[in-house]
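Subject: Structure for you to look at

Hello,

Here is the structure I said I would send over. My notes on it follow below the entry.

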Amino acid sequence: MQGQGPQLPGADAGRQAGQAVAPPVADAAPPPASPAAPPPASPAASPPASPAAPPPASPAVPPPAMTAKPQGEVKVFRLPGALVAWWAWLIFAVACLADVAITGRNHTAAEIAATLVLVTGVLYACALRPRVIADSFGITVMNPLRDHRIPWGSVAAVDLKESLRVHCVKEPGDKRGKVVHSWALYAQRRSKLRNELLGQSDRRRLPRSPFEGNDSSSEAQKISRQPAAEIMALQLNDLVNEARNRDAAAGPRVVTWAWQPAAAMLLPAILLILVITVFH
């Protein structure tokens with residue numbers, strides 16, 4: 001070009017070297033900007049956190065109730081013949097009273113009705129009510145007019161003679177222990193003599209074989225020949241021994257009067273006397 005002077009070779013080399021050392025800034029691509037992290041939210045600006053839901057409440061279990069100590073098994077001892085006699089008489093008495101109420105219209109019918117009621121009261125007191133009750137506390141002997149309550153620790157033994165006998169431990173001031181007789185359990189004299197004779201014959205009889213003396217069937221037969229009252233007396237005596245082994249508590253013997261059977265006999269007797277002597 002015109003107007004320009006000759007260029008020196010060193011200038012071109014310096015220009016090239018400058019370009020290599022410092023490239024133009026405008027042509028360099030800027031580095032990619034990293035995404036700006038959002039500023040931390042201030043505690044005032046953030047919504048209040050909802051309280052955690054409480055766990056479902058389990059149903060309240062009531063405390064165990066204070067219950068009394070379970071009582072032992074209650075056993076009642078009585079002869080079945082007395083119950084049979086009571087129910088047989090009751091059916092007969094009801095039938096007779098119904099017949100008297102329908103057909104009887106005179107003084108004799110009133111006497112018959114009063115007599116039936118009196119006999120019913122006597123059988124209730126002497127046949128239905130008597131029994132022997134054994135529970136965890138002791139023995140209760142229920143007789144026609146009185147009840148005897150004896151703790152296990154105060155019972156010495158139970159046996160059977162003509163009737164069941166409960167031997168009590170001697171109390172302070174007594175020469176010997178009290179003996180309570182029961183109306184509920186008794187042994188007939190004839191059956192008692194028969195059992196004694198059978199026992200003597202068993203002792204005299206020699207075993208026919210070496211194995212006969214150890215046979216369990218002979219023991220079962222011997223028990224089956226015993227009257228029901230004697231078996232019950234043995235059971236009661238076993239209960240007494242068990243109570244003695246566990247050191248059962250002793251206590252005084254309690255005697256109470258039974259007014260219901262007394263009224264069941266006294267009131268019909270008064271009615272019969274009035275019918276015979278007054279309403280004639």
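Predicted model: local features only at pLDDT ≥ 70, side-chain atom pairs only at ≥ 80, totals over all residues.

T140 stands opposite R149 of β4. The strands β3 and β4 are antiparallel to each other and share 5 bridges. They form a hairpin, and 3 residues lie between them.

On its other pairing, β3 runs antiparallel to β2 over 4 bridges. A134 is the residue facing I139 of β3. Here too the link is a hairpin, with 3 residues joining β2 to β3. As for cover, 5 of the 5 residues of β3 are buried.

These strands belong to an open sheet of 5 strands, in the order β1-β2-β3-β4-β8, with antiparallel pairing. β1 (75-77) and β8 (254-257) are the edge strands; each has a single partner, so one side of each has no neighbour in the sheet. From one strand to the next, the twist averages 15°. The partner of β8 is β4 (residues 146-151), and the two pair in the antiparallel sense over 4 bridges. Within that pairing, D147 has T256 of β8 as its bridge partner.

The largest nonpolar core contains 25 residues, and F77, I139, V158, L164, L185 and L236 are the ones with the most contacts inside it. At least two core residues come from each of β2 (131-134), β3 (138-142), β5 (155-160), β6 (163-168), β7 (179-186) and α6 (228-245). The largest share is that of α6, with 7 residues. In soluble globular proteins, nonpolar side chains tend to be buried together.

Which residues form a nonpolar patch on the surface? They are L266, L267, I270, L274, V278 and F279, and together they have about 570 Å² of accessible area. L267 sits in helix α7 (residues 259-277). Its relative accessibility is 56%, and exposed means over 50%, so L267 counts as exposed.

L271 is also found in helix α7. With 41% relative accessibility, L271 counts as partly exposed. What separates L271 from A114, in sequence and in space? The two are 157 residues apart in sequence, while their C-alpha atoms are 6.6 Å apart.

Regards

Conventions. Residues numbered from 1 in each chain as written. Heavy atoms only, no water. Pairing = 2+ DSSP bridges. Axes fitted to C-alpha atoms, helices over the stretch in contact; angles between N-to-C directions. Patch = residues over 30% accessible without salt bridge, like charges linked within 9 Å, V, L, I, M, F, W, Y side chains within 5 Å. Areas by Shrake-Rupley, 256 points an atom, 1.4 Å probe, with all protein chains shown as cover. Salt bridge = Lys/Arg side-chain N within 4 Å of Asp/Glu carboxyl O. Buried < 20%, exposed > 50% of the residue type's maximum accessible area, 1.4 Å probe, protein only. Core = buried A, V, L, I, M, F, W, Y, C linked by side-chain atoms within 4.5 Å.
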